[in-house]
Amino acid sequence: MTKTAKAPKIMTKSKREARRAYCIILPFFIYIALWGLIPLVYGLYLGLTEYNGLASSPKFVGFKNYVDFFTTGDYLTLLWRQFWIGGICLLFNTVVSFIVGLALNVNSKARGFFRTSVYVPSIAAVSITSAIFVALLEVNGGINGFLKQIGQPTITWNYSQFWMVFWVVVYFLWRSLGPAAIIWLGGLQSIDPTLYEAADVDGASFAQKVRYITIPGLKFVASYIILTGIVGAMQMFDIIMFITKGNPYGKTDVLMYRIYRDGVVNFNMGMAGAESTILGIVTIIFAIIYFKVVLRKED
Amino acid sequence: MKKRLLAVLLAGMMALSVTACGGGSDGGSGNDGGSSSSAKIVIPFIGYTEDQIKAAEQTAEENGTELGAEAQYHIKLMEAVEEQYPDYDVDWQDWGWAEALDQKQRATLTAGSPLDLVAGETFMPTYANEGILEPLPDDIASLVTPSYLIYDTEGNPVAVSLKSSVFMLFYNKDLMEKAGLDPETPPTTWDEFKEMSDQITEAGNGEFWGGGIPSFPHAGGALRATPFFRQLGTDFGVDGKINLNDSKVQETLQFIRDMNKNFPEGLGNNASEDPLWNAFQKDQTIAFAINGAWQQTGCDQNNMNWGVAPLPTKDGTEGNCLVGSNFVGVPKASKHKEEAFNIIRVALQEDLQKIWLTESTSSGLNSILDNPDLYSDNPTLTTANEALKSGTFSGVAVFPKNDAQVWEVINQKVLARTTMTEDPIDEICSQATQEIEALLK
Amino acid sequence: MRKAGKIVMRAIWLLVMGVFSILMLYPFLFSLMAALNTKTEFSNMGDLFPWPETPQFGNFSVIFTSSGLRPLINTFLRVGWYTIIVCIMAILVGYVMARYNFRGKKIFLGIIIGTQVIPGVLTLIPTFVMVANIPLVGGNDIFGNGGQGLINSPLMLYLPLGWGYLMWVFLFMQSMKSLTPAFEEAAEMDGCGFFRTMFQIVLPMQLPIVAVIAVNVALNTWNDWMTPFMYINDMQESTLPAYIGMLTAQLQQFGTKDYPRVFALSCVAIVPPFLIFLFLQKYIIQGIASAGVKG
């Protein structure tokens, strides 16, 4: 990091600064270490124990939880499902929000309203808005009522994995579109307009302009959206918990939801610790792979 | 100068933290965890705090309806406790119900500093099995019928239900008549049940249906399926082991699957039960409903021409399951056991328990059960109380480990899957057994 | 010809975006209409626009007279407290990190940046166990055993957990770097102390970024239903979004449902963040945009 240029370098001053700096930031970092770094290490330990009561002490069982994770099969299915359901959410969110970002990059008086309406769903918590979707998706709910009105056969949403995942993705999009679109928009607006003018002068086609100006200009924004998206999607469970509850018959259950239930509902802390360690590591691996791919392209 | 600013800043921060904490903890929090010497008794009373009673009263007033038995009972209970034990400082709290309540109670139970009174329905036997509940004093246990008690592994009664019901078959006489059936002879056997229901569904031709056995993907499904298992002398779990590979279990599941065809698609295994009950009582498009005694209120409110009968049986063998119970028990780790038992004593007083009768909910008090004059004019209560007197029932089966997870598998991956898909039942059962055995290990 | 094409394009754009915007806002409209129903009236549900015959405001008045009021107040207190302490932390630590040189600065910087990419799942469960085992509170002995720690303690509403808020330190630090230190140095020459320099010189110049931090922290805190949901058992001691979360979770559980009540609570819970958004939009958007574009 760049060092701030400092005026006269007197020994006593830099010493005084250092002392003051420690006085201010050490308490904060100690607090953060307490609630951030210790749980991280403690979680690794929990994964090696059997621990189902908060009052008793964890019992060390070695890698039993990890062996269970990889041998019973259920957990691997859940991990895979977390990956693909989260992946679909992320994919659609990235693409659709980019289109919306493009559509918002137009000078118009109506833009403010459009931007607001796209963004508003994201300012309300999942817990506040998911009941709306639950009500609409009831077997006799609003959407089936609408289908009936237009003379179509109704659909029993909760019978089918496809439809439940579909609505999870729709809810995810509805809620996450806004911030991503605004970031895309920020990226689009930060591209120097003279580049396009120069390209026009050179007679570049629309596709060429997108290929050689827009995409390179958005590389950083894209990697931010996808990186934070990977971390978010691999930890998504609140939508599943509220909208599908894992139904139909456990076909939309994901690992993160299982971690939550194992940990806080069933107090199977050891297994929950092992599961979260694995999910955390997988997430970081995905992030690193993505980072490496992007970096390689850049070279 | 510098110091003064610092002091002001620190004072400000402290003031803020004090107000912030004060704001959160006023009104009595209940986290004193027992270490304090105050006689504050913390009780999760199933969605009826003083605030919520106020809300219920207000809603009733606005809608011009009477206060429900549940609210009336809790108001009376609070008044009675205050009157008889004025020195108790009872903190009535709202911890939700069903899974949410279990989760929160368990957090405090496993932490070793539980509430002074725990409550619940399907998960109370699990608490009892784990030996975390204090045996009830004899005078409490002898007040009620044995069905209303939960016993621990040593055979001591540890929890008592303040109200309960058994499952019954409610039927719509109009729909039976429309299908050419005699509205006064409800089905008594499985075969009759299926025949009649099929006939009604056929006659309804997409307008109305016969109705079957609900298989909701949560405790609501397991509770309604259990009586039919028990009629064959089997259950989901036997001696703490999963029993899905039993041929009788699979026979019952086949019956549930066959009966489900008499529901409109998606109604019998929906996560929310309300659409089914609405179809039965409000739209009146379903002829048979398996439900607890509270169904009567819904039928009467909607001016339905209804009847009630005991559940159809396979070979005349009885089998049922308690439902709609509100079990309470006192944890061994409670610091105010005697006070908590006193509150249970108040909750079981006859004048309070009679409130349940107004909503056709059975009281477990022997003094009420043995006095048919109190309920003989009510067909639902008569049916339910006859059943209660004739046998001993319990709630759903209990598993020694990971009980909640095991039931989740049963509810979602056995019951709901049986009716949602056409997958072979033995395959459903063997897959679920495998998963459950891993949980029980 | 070209101009006509442009007008058509613009009309199509307006139409498509208009329909899209309405679709995005529709769920809120549904929730508001449903909240005006009584429980019995809403039980039919098969309507995309469940406008009641006679709108009932009973669901709303219940919130303000009883069951929802305490959680609502708790939410406000929690948001206020978090906003203040996170801002103070971001300003102090961010300033020191940007201006001072000291040994180990790189390590601190590494922590600030590194924690942003560590998934929160890694600490969810261990933190829960740790909270239950804090020594000497909630009936715990000195080793943290025997009691429930801070589980179900209202204090949990006001105890920041994790490291998410380090992002705001980073933001303030970056913003400080784009500001010349000349003013502060001049003030220091004049004998101004540290805090006076901070409040009289630095803060007034950095107000926009502080606003960005405050507004975003307030929004995030308002929407953090998970922490109260996990740690607070008595719903009356919890926050409104957590309370609604419990009711929503119960919609698919055993028992009967009261949709209009959930929707009425939701409508109330949406209002404060919506107002913040409406009037302080530019700070929110600047917050996410700067996070994304500056990295």
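What follows is a look at the packing, aromatic pairs and charge pairs of a predicted model with several chains.

Residues are numbered from 1 along each chain as its sequence is written, with chains lettered from A and ligands numbered from 1 in the order in which they are written. Because the model is predicted, local features need pLDDT of at least 70 and side-chain atom pairs count only at pLDDT 80 or more, while totals for chains, interfaces and linings use all residues; side-chain values use heavy atoms, with hydrogens and water left out.

Chain B first. Chain B carries 18 helices and 13 strands, both taken as DSSP runs numbered from the N terminus (helices H or I, at least four residues; strands E, at least two). Of its 441 residues, 61% are buried; here buried means under 20% relative accessible area, exposed means over 50%, and partly exposed is what lies in between (1.4 Å probe, protein chains only). Among contacts in chain B with a separation of 6 or more, 70% are between residues 24 or more positions apart, a contact being heavy atoms within 4.5 Å.

Helix α11 of chain B (residues 274-282) is largely enclosed by the rest of the structure, because eight of its nine residues are buried. Those buried residues include B:Trp277 and B:Phe280, and the buried set packs against β7 (168-172), α9, β10 (288-291) and α12 (295-301) of chain B. Just past the helix, B:Gln284 adopts a positive phi of about 55°. One of the residues of α9 (residues 219-231) in chain B is B:Ala222, which is buried at a relative accessible area of 2%. Neighbours within four places in sequence aside, B:Ala222 touches B:Phe236, B:Val396, B:Trp407, B:Asn411 and B:Leu415. Its C-alpha atom sits 9.8 Å from that of B:Glu408, 186 residues away along the chain.

On to the rings. There are 54 aromatic pairs over all chains, where rings of Phe, Tyr and Trp (its six-membered ring) pair if their centres lie within 6.5 Å, and planes under 30 degrees apart count as stacked, over 60 as edge-to-face and the rest as tilted. A:Phe267 and C:Phe128 make a tilted pair, with centres 6.4 Å apart and planes at 35°. This pair crosses between chains, running from the loop between α11 (255-265) and α12 (269-298) of chain A to helix α6 (residues 121-132) of chain C. Both A:Phe267 and C:Phe128 are buried. C:Phe76 and C:Trp222, in turn, pair edge-to-face, at 5.2 Å centre to centre and 70° between planes. C:Phe76 is in helix α4 (residues 69-99) and C:Trp222 in helix α9 (residues 194-223) of chain C, so the pair ties together parts 146 residues apart in sequence. C:Trp222 is buried at 4%, whereas C:Phe76 is partly exposed at 46%. Chain C also has an aromatic cluster made of C:Tyr26, C:Phe30, C:Phe42, C:Phe49, C:Tyr259 and C:Phe263.

Finally, the charges. The model holds 22 salt bridges over all chains, each a side-chain nitrogen of Lys or Arg within 4 Å of a carboxyl oxygen of Asp or Glu. A:Asp253 and A:Arg261 form one, with their closest N and O atoms 2.5 Å apart. A:Asp253 is buried at 5% relative accessible area, and A:Arg261 is buried at 7%. B:Glu70 and B:Lys163 bridge at 3.4 Å between the closest N and O atoms. That pair links distant parts of the chain, 93 residues apart: helix α3 (residues 69-84) and the loop between β5 (157-161) and β6 (165-166) of chain B. B:Glu70 is partly exposed at 21%, while B:Lys163 is buried at 14%. B:Lys194 and B:Asp198 meet in a salt bridge too (2.8 Å, N to O); they lie four residues apart in helix α8 (residues 190-204) of chain B, so about one helical turn separates them. Salt bridges with shared partners also join A:Asp253, A:Arg261 and B:Glu408 into one network.
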